[in-house]
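Hi there,

Here is the structure I promised to pass on. Have a look at it first, and then read on for what turned up in it.

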Amino acid sequence: DPEMLGQVPGAVSRKMPPELRPELATLVDQSPKGDEWIHEIKFDGYRILAFINGKKVRLLSRRGNDWTAAFRSIATELAGMGLPDCILDGELVALNEDGAMNFQALQNVAKHGARASLLYYVFDLPFCSGHDLRRAPLLERKRVLSELLGPPTARARVRYCEHAQGGGPELFANACRVPFEGLVSKRANSVYQEKRTH
């Protein structure tokens, strides 16, 4: 609801930008402590910004390359979700038959048109329905994003990326045991910056 978006702290009424540079993380050895941090799984895939304008969807890499044709199944699902004009920020992954992430399979889809089970995990919402949300606190952006995407069905290829608040060192230790690539830790009140940040 655009009216509700206008009440999000930091939201600015604005036309959707035609391009955006994704916010990038800085590699560190330890996960930060404290409830002012949230933590997400680090996925082993391609960073993708999805620009949705009516039924038109563009999937852009972090360097601005258009990968819509390479990942048509994701673009088609996004186009059919009835989403308002928005920009989604997330990670596209390919899965093995056992459900594990497989970066090589993802590369084969992109380069050779191979078939693979693809999922798009969305973790941020810089723009939605005529509102620039880049100056809104991260947890507010994620709250709106969660409501926008709703709970996934079992067959959904587009999924909201859950997070945990606080407990970073313990979560990191568990991620290493599973094993995941690691964690991405973000300040809960941070704005969206189009650069590499700490």
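**Aromatic rings**

Phe71 is buried, with a relative accessible area of 0%. Please keep in mind that this is a predicted model. The ring of Phe71 has a partner in Trp67: the two centres are 5.8 Å apart and the planes stand at 65 degrees, so the pair is edge-to-face. Trp67, for its part, is partly exposed, at a relative accessible area of 24%.

In total, the structure holds five aromatic pairs. Another one of them joins Tyr46 and Phe103, again edge-to-face, with 5.4 Å from centre to centre and 90 degrees between the planes. That pair links distant parts of the chain, since Tyr46 belongs to strand 3 (residues 46-53) and Phe103 to helix 3 (residues 103-112), 57 residues apart. Tyr46 counts as buried because its relative accessibility is 13%, below the 20% limit. Phe103, at 27% relative accessibility, counts as partly exposed. Tyr46, Trp67, Phe71 and Phe103 together form one aromatic cluster.

There is also a charge over a ring: the charged end of Arg58 sits over Phe51, 4.8 Å from the centre of its ring.

**A buried arginine**

Is Arg47 buried or exposed? With a relative accessibility of 16%, Arg47 counts as buried. Its side chain makes a polar contact with the side chain of Asp89, at 2.7 Å. A polar atom of the Arg47 side chain also lies 2.7 Å from the backbone oxygen of Glu23. Setting aside neighbours within four places in sequence, the residues in contact with Arg47 include Pro22, Leu24, Leu60, Arg62, Glu91, Phe123 and Tyr192.

Strand 6 (117-128) is mostly covered, with eleven of its twelve residues buried. Here is how strand 6 pairs:

**Helix 2 and what covers it**

Which residues of helix 2 (residues 72-79) are buried? They are Ile74, Ala75, Glu77, Leu78 and Ala79.

**An open sheet with a helix on it**

Three strands form an open sheet with antiparallel pairing, in the order 9-2-10. Strand 9 (164-165) and strand 10 (183-187) stand at the edges with a single partner strand each, so one side of each has no neighbour in the sheet. Strand 2 (residues 37-41) pairs with strand 10 over five antiparallel bridges, and Glu40 has Val184 as its bridge partner in strand 10. Helix 4 (residues 138-149) packs on this sheet, where it touches strand 2, strand 9 and strand 10. The direction of helix 4 makes about 45 degrees with that of strand 2.

Over to you, and enjoy exploring!

Best wishes

How values were computed
Residues are numbered from 1 along each chain as its sequence is written. This is a predicted model: local features need pLDDT of at least 70, side-chain atom pairs count only at pLDDT 80 or more; totals for chains, interfaces and linings use all residues. Side-chain values use heavy atoms; hydrogens and water are left out. Rings of Phe, Tyr and Trp (its six-membered ring) pair if their centres lie within 6.5 Å; planes under 30 degrees apart count as stacked, over 60 as edge-to-face and the rest as tilted. Helices (H or I, at least four residues) and strands (E, at least two) are DSSP runs, numbered from the N terminus. Buried means under 20% relative accessible area, exposed over 50%, partly exposed in between (1.4 Å probe, protein chains only). A charge sits over a ring if NZ of Lys or CZ of Arg is within 6 Å of the ring centre and within 35 degrees of the ring normal. Contact means heavy atoms within 4.5 Å. Two strands pair if DSSP finds at least two bridges between them. Axes are lines fitted to C-alpha atoms, for helices over the stretch in contact, and angles run from 0 to 180 degrees between N-to-C directions. A polar contact is a pair of N or O atoms within 3.5 Å; within protein, one must be able to donate a hydrogen and the other to accept it, and residues adjacent in sequence count only if both atoms are side-chain atoms.
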